[in-house]
Amino acid sequence: MTDQVRQKDPTSKSNLRLTVAGNKPITGELRNNGYAPKFYIGEGSTVQLACGLLQGKYFLKEFHFHFGCNDTVGSEHAIDGNTYPIEVKQS
């Protein structure tokens with residue numbers, strides 16, 4: 001539940017960081033697999049996830065969306081029992 005969430009110091013080195021190499025726009029291809037639209041990061045884009053408790057280097061290769069037919073449903077997960085129109089997930 002969100003009432004148990006604590007805000008961290010944004011300058012803390014333990015926070016996760018998503019960086020794009022060269023500070024360039026992310027390019028790629030959006031495909032509909034029949035279940036959810038997926039965005040595949042293009043070869044010319046490098047997106048890295050670092051810091052926090054991660055020990056190695058992790059690179060984002062794709063992310064996908066979950067959405068519904070109206071503004072009251074769509075997210076795959078709920079926050080405090082509430083669903084939302086869209087959810088973005090990386091994998």
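## Sheet arrangement

In what order do the three strands of the open sheet lie, and in which sense do they pair? In this predicted model, the order is S1-S4-S5 and the pairing is antiparallel. The edges of the sheet are formed by strand S1, residues 16-20, and strand S5, residues 58-59, each of which pairs on one side only.

Strand S4, which covers residues 47-51, is joined to S5 by two bridges in the antiparallel sense. Within this pairing, Gln 48 has Phe 59 of S5 standing opposite.

## Salt bridges

Side chains of opposite charge can pair when their charged atoms come close. The count for this model comes to two salt bridges. One of them links the side chains of Lys 38 and Glu 62, with an N to O distance of 3.7 Å. Because Lys 38 belongs to strand S3 (residues 37-41) and Glu 62 to strand S6, this pair ties together parts that are 24 residues apart in sequence. Glu 62 has a relative accessible area of 9% and is therefore buried, the cut-off for that class being under 20%.

Arg 31 and Glu 29 also meet through their side chains in a salt bridge, at 3.4 Å from N to O. Here Arg 31 is partly exposed at a relative accessible area of 40%, and Glu 29 is likewise partly exposed, at 42%.

## Histidines and strand S6

Strand S6 spans residues 62-67 and contains His 64, which counts as buried because its relative accessibility is 11%. The side chain of His 64 is joined to that of His 66 by a polar contact of 3.4 Å.

Methods
Residues numbered from 1 in each chain as written. Predicted model: local features only at pLDDT ≥ 70, side-chain atom pairs only at ≥ 80, totals over all residues. Heavy atoms only, no water. Pairing = 2+ DSSP bridges. Helix = DSSP H or I, 4+ residues; strand = E, 2+ residues; numbered from the N terminus. Buried < 20%, exposed > 50% of the residue type's maximum accessible area, 1.4 Å probe, protein only. Polar contact = N/O pair within 3.5 Å; in protein donor to acceptor, adjacent residues only side chain to side chain. Salt bridge = Lys/Arg side-chain N within 4 Å of Asp/Glu carboxyl O.
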